[in-house]
Amino acid sequence: MDVDTNGGDDIHVGHTDVVVPRRRASRVRDAARAEVLVRYARLMRIGRPVVCLPSRAELSGRMPRRQGQGSDGKIIYPDRDSAEAAARELEQLGSRALRAYMCSRSRHGHFHLTTDFVAERSRAALATRIPRQRSA
């Protein structure tokens, strides 16, 4: 997939009309991450990733919030397989260990990614157990 960043505000992916904005909604930092999002995330018609936001009833207080505020603005993946595939690719690009979870706000079962602290701890423990070569 061809990615063109041409120094502007948006990232243009491939020969299609898919555009991932750099600054506003998606918070994509580089072209490789944008490419992963375009491949796996649920996209709007204009090519931006769809983010999870509270309903009007949740915002007005008529209905209790289903999730804490830390989950607002997370990218929506249509199914667990897409979320897990995106997580593996993002980890290869240098992100923290990620895991997929089903959003409790979703009516039809969309997924998000969150930091997998268990995997992070096991990575750190593994690094301390690997013997290092002593210098003479």
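A pocket, as the word is used here, is an open set of grid points with protein on both sides within 12 Å along at least five of seven lines, and its lining residues are those with an atom within 4 Å of a point. In this predicted model, the second largest pocket is lined by 14 residues, and those lying nearest its centre are Leu53, Ser55, Arg105, Ser106 and Arg107. The volume of this second largest pocket is about 320 Å³, and its lining consists, by class, of five nonpolar, four polar and five charged residues.

The protein chain as a whole contains four helices and five strands, which follow one another from the N terminus in the order β-β-β-α-α-α-β-β-α. Of the 136 residues in the protein chain, 35% are buried, while the accessible surface comes to about 9,300 Å², with 50% of it belonging to carbon and sulfur atoms. Among the contacts between residues at least 6 apart in sequence, 45% join residues at least 24 apart.

The cysteines call for a separate look. A disulfide requires a pair of cysteine sulfur atoms within 2.5 Å, and by this rule the chain has zero disulfides. For cysteine 52, the nearest cysteine sulfur is that of cysteine 103, 3.7 Å away, so cysteine 52 is in no disulfide. The table sets out the two residues.

| Residue | Relative accessibility | Nearest cysteine sulfur |
|---|---|---|
| Cysteine 52 | 2% | cysteine 103, 3.7 Å |
| Cysteine 103 | 2% | cysteine 52, 3.7 Å |

Cysteine 52 counts as buried because its relative accessibility of 2% is under 20%, and cysteine 103 counts as buried because its value, 2%, is likewise under 20%.

How values were computed:
Residues numbered from 1 in each chain as written. Predicted model: local features only at pLDDT ≥ 70, side-chain atom pairs only at ≥ 80, totals over all residues. Heavy atoms only, no water. Helix = DSSP H or I, 4+ residues; strand = E, 2+ residues; numbered from the N terminus. Buried < 20%, exposed > 50% of the residue type's maximum accessible area, 1.4 Å probe, protein only. Contact = heavy atoms within 4.5 Å. Areas by Shrake-Rupley, 256 points an atom, 1.4 Å probe, with all protein chains shown as cover. 1 Å grid on protein atoms, 1.4 Å probe; cavity = no way out; pocket = protein on both sides within 12 Å on 5 of 7 lines; lining within 4 Å. Points joined across faces, edges and corners; volume = space filled by probe spheres on them. Nonpolar A, V, L, I, M, F, W, Y, C, P; charged D, E, K, R; others polar.
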